[in-house]
Amino acid sequence: MDGETHRRRELGEFLRARRRQLVRADVGLPVVKGRIAHGLRREEISYLSGVSATWYTWLEQGREIRPSRQVLDALARALRLSATEHSYILSLAGYSAPRPARASPGTAPAGVQQLLQALADYPAYVLAPDWALTGWTPAYTALYRDLGALPAADRNLLWLVFTDPYLRELMPDWEFSSRRLLAQFRAGAGLRLGEASFSALVTRLREVSEPFRVGWESHDIEGFISRERLFRHPLVGDLHLEQHRLTPSDHPDLNLVVYTPVVTTEAPARLRKLLEIVSESAAGSPDREE
């Protein structure tokens, strides 16, 4: 059996199993006299999905047909498939996974926040799909600034890179890195560019930043790669940090960016010194609770 035949058979068996597991009451259908409360007929799935009974039967039988993405999306809704199950049937038919739901605005999910807490001594932050900053570590606050003090509309990495003079001074290779970040943003945005938050961000930046406008009009696209970054901090000097990006498997629309000190440089000691300076400064603040 070749791979395509195997995938068609697996798709049919999967659809059949999920159809038989459905609770009739959950989809608004009465229990059929003399039958248990679980399981729908093929004709009933056809009715709920709008897919012809013959076509659906052929799918369950593993016939040599190619269902459209729209048909599989309709079946996923009718069969009450989870996001993972939906992605699975699409992959069996040769389609990419559906675009994940957008993260809740403002804050990262609790599990991601806990991961940030474990990384407290490393500069790290969480990016939403539109590059809104939804979480960060104390070490990132020490490296850059307290993002929580910024207006919510400005709490966006792309906005800050192209509008904050301090961040520009912090990045001695700003011209190169800003263009690279813009190309990565555009590559990741894809079909989302027409959404309100993306359109508003691009419009704002085009109005206030000439470098952004030039970079945007170049239509450069670039994927993310882990690399060494240099930050020139006014308190401790040059910090050579390695930039890495992680994607939580249960929140694939989010990216966690972490900077780790390059051990062959002064960065580990300087980062520790920076954290000590910030901690001592906070402890000496007259606003602290006694």
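Reader: How do β1 and strand β5 pair, and over how many bridges?
Author: This is a predicted model. In it, β1 and β5 (residues 255-261) pair in the antiparallel sense, over four bridges.

Reader: Which residue in β5 is the bridge partner of Ala124?
Author: Val258 is the partner of Ala124.

Reader: And what about strand β2, how many bridges join β1 to that one?
Author: Three bridges join β1 to β2 (residues 133-136), and these strands run antiparallel. Tyr125 has Trp136 as its bridge partner in β2.

Reader: How many residues lie between β1 and β2 in the hairpin?
Author: Five residues lie between them. In that turn, Trp131 has a positive phi of about 70 degrees.

Reader: Switching to helices. At what angle do the axes of α2 and α3 cross?
Author: Roughly 120 degrees, and the axes come within 9 Å. Here α2 is residues 42-49 and α3 is residues 53-60.

Reader: Why are they called oblique to each other?
Author: Angles of 65 to 115 degrees count as roughly perpendicular and those over 145 as roughly antiparallel. The α2 and α3 axes cross at roughly 120 degrees, so the two helices are oblique to each other. The crossing of α2 past α3 is right-handed.

Reader: Which residues meet there?
Author: From α2, Arg42, Ile45 and Ser46; from α3, Ala53, Tyr56, Thr57 and Glu60. The residues of this contact are three nonpolar, two polar and two charged.

Notes: Residues numbered from 1 in each chain as written. Predicted model: local features only at pLDDT ≥ 70, side-chain atom pairs only at ≥ 80, totals over all residues. Heavy atoms only, no water. Pairing = 2+ DSSP bridges. Axes fitted to C-alpha atoms, helices over the stretch in contact; angles between N-to-C directions. Parallel < 35°, antiparallel > 145°, perpendicular 65-115°, else oblique. Left-handed = near helix turned anticlockwise from the far one by under 90°. Contact = heavy atoms within 4.5 Å. Nonpolar A, V, L, I, M, F, W, Y, C, P; charged D, E, K, R; others polar.
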